[in-house]
Amino acid sequence: MAGSDELHYPERMITFLEGLWGDGFLSPGGADEVMRVIAGVDLTGLTVLDIGCGIGGATGVLVGAGHAGKVIGIDVEAPVCEIASSRLDAQGLGDRVEIRRVEPGPLPFDDASFNVVFSKDSIVHIADKESLAIDVFRVLRPGGWFLASDWLTSHDGEMSAEMQAYVAAEDLDFGMASPARYRRALRAAGFVDIELVDRNPWYRVVAREELERLTGSERATFEAAIGADELALQIRTWEAMIPVLESGEHCPHHLRARRPRA
Ligand SMILES: C[S@@+](CC[C@H](N)C(=O)[O-])C[C@H]1O[C@@H](n2cnc3c(N)ncnc32)[C@H](O)[C@@H]1O
């Protein structure tokens with residue numbers, strides 16, 4: 001766990017990302033995108049693990065519109081966990097949600113604890129995709145689903161200069177991998193029914209609109225919220241991200257895979 005001065009999601013970052021992506025969210029797409037990730041899997045009454053729950057927006061959707069019975073949200077940073085707990089309590093969802101701060105590393109749960117493991121744009125922070133896949137498989141009950149959205153890169157070779165500039169601008173401890181590496185890791189862990197859906201065609205359009213908001217229509221609002229220097233930094237990050245979305249090297253994906261029944 002990073003010390004409080006090493007947080008990747010300090011208060012100003014949370015303010016910025018919620019302003020851009022909506023209340024409770026540190027990732028794009030809001031409730032609609034969460035519902036797309038879980039589409040076709042009925043969560044009613046099920047026990048769900050949310051890896052990297054952030055400030056709890058997606059967690060709330062899983063128990064609200066998603067009708068999950070119980071969600072345990074885990075995250076490595078204390079401030080986001082505190083915000084998530086307060087938010088979900090205030091929404092009256094506290095009895096169906098538990099937020100826990102955890103150390104990075106193996107999932108601190110017994111084998112076969114969950115019907116579904118969910119994650120929204122958080123496992124980009126976990127570089128060892130192979131160990132993660134084995135651990136997710138372990139905590140899932142037989143027949144359970146891993147349903148996730150994440151930020152991927154199109155290949156595992158040397159990043160282009162543009163991609164290196166973008167990852168450096170994010171400064172978020174990213175450990176990105178390709179769809180091929182995710183697929184291999186999931187298959188090696190024992191998963192079946194593996195599906196990956198490229199969300200680059202959606203996010204490359206949305207990201208341009210976001211840059212327009214930051215530089216034009218909502219510039220004054222963001223400047224008042226986070227200050228001119230921080231806003232300039234974020235605009236530079238978006239300016240670095242758009243070329244690698246256009247080239248396809250940065251390719252957010254939805255991932256799903258099932259632990260076989262026996
Ligand atoms: C981009 S945010 C997404 C948060 C939330 N899922 C959402 O969609 O709003 C990524 C989150 O992953 C968390 N994180 C980073 N490394 C982690 C790890 N090893 N285990 C669990 N969470 C982690 C970060 O602290 C952060 O809250």
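D173 sits in the loop that runs between α6 (161-170) and α7 (179-189), where helices (H or I, at least four residues) and strands (E, at least two) are DSSP runs, numbered from the N terminus. The model described here is predicted, so local features need pLDDT of at least 70 and side-chain atom pairs count only at pLDDT 80 or more, whereas totals for chains, interfaces and linings use all residues. Residues are numbered from 1 along each chain as its sequence is written, and side-chain values use heavy atoms, with hydrogens and water left out.

Most residues other than glycine have a negative phi. D173, although it is not a glycine, has a positive phi of about 65°, and D193, also not a glycine, has a positive phi of about 50°. D173 has a relative accessible area of 48% and is therefore partly exposed, on a scale where buried means under 20% relative accessible area, exposed means over 50%, and partly exposed lies in between (1.4 Å probe, protein chains only). D193 belongs to strand β6 (residues 192-198), and with a relative accessible area of 41% D193 is likewise partly exposed.

## The ligand and its surroundings

Which residues come nearest to the ligand? Among the 16 residues around the ligand, these are L26, S27, G52, D75 and K120, a residue being near a molecule or strand if one of its heavy atoms lies within 4 Å of it. By class, the shell around the ligand holds 7 nonpolar, 5 polar and 4 charged residues; in this division Ala, Val, Leu, Ile, Met, Phe, Trp, Tyr, Cys and Pro count as nonpolar, Asp, Glu, Lys and Arg as charged, and the others, Gly among them, as polar.

Several polar contacts can be followed atom by atom, a polar contact being a pair of N or O atoms within 3.5 Å; within protein, one must be able to donate a hydrogen and the other to accept it, and residues adjacent in sequence count only if both atoms are side-chain atoms. A polar backbone atom of G52 is 2.7 Å from a nitrogen atom of the ligand. On the side-chain side, D75 places a polar atom 2.6 Å from an oxygen atom of the ligand, and S122 has a polar side-chain atom 3.3 Å from an oxygen atom of the ligand. The ligand taken alone exposes 600 Å², of which the protein buries 93%; accessible areas come from the Shrake-Rupley method with a 1.4 Å probe, and for residues only the protein chains shown count as cover.

## Strand β4 and its neighbours

Strand β4 (residues 114-120) is mostly covered, since 7 of its 7 residues are buried. Strand β1 (residues 47-51) runs parallel to β4 and is joined to it by 4 bridges, two strands being paired if DSSP finds at least two bridges between them. Within this pairing, D50 has F118 in β4 as its bridge partner. Strand β5 (residues 140-153) is also parallel to β4, with 6 bridges between the two, and here K120 stands opposite S149 in β5.

β4, helix α5 (residues 129-139) and β5 together make a right-handed β-α-β unit, where right-handed means that, with the strands pointing away from the viewer, the path from the first strand over the helix to the second runs clockwise. Another right-handed β-α-β unit is formed by β2, helix α4 (residues 78-90) and β3. Strand β2 (residues 70-75) and β3 run parallel and share 5 bridges, and I74 stands opposite R100 in β3.

## The enclosed strand β7

How many residues of strand β7 (residues 250-258) are buried? The count is 9 of the 9, so β7 is largely enclosed by the rest of the structure. In a regular strand the side chains alternate between the two faces of the sheet. From β7, H250, P252, H254, R256 and R258 point one way, while C251, H253, L255 and A257 point the other way, and all are buried.

β5 and β7 run antiparallel and are joined by 9 bridges, with L255 in β7 as the bridge partner of A148. β6 is likewise antiparallel to β7, with 5 bridges, and V192 has R258 in β7 as its bridge partner.

V102 is found in the loop between β3 (97-101) and β4, and at 10% relative accessibility V102 counts as buried. V102 and G52 are 50 residues apart in sequence, and their C-alpha atoms are 9.7 Å apart in space. L245, in helix α10 (residues 228-247), is buried with a relative accessible area of 1%. L245 and R204 are separated by 41 residues in sequence and by 5.4 Å in space, C-alpha to C-alpha.
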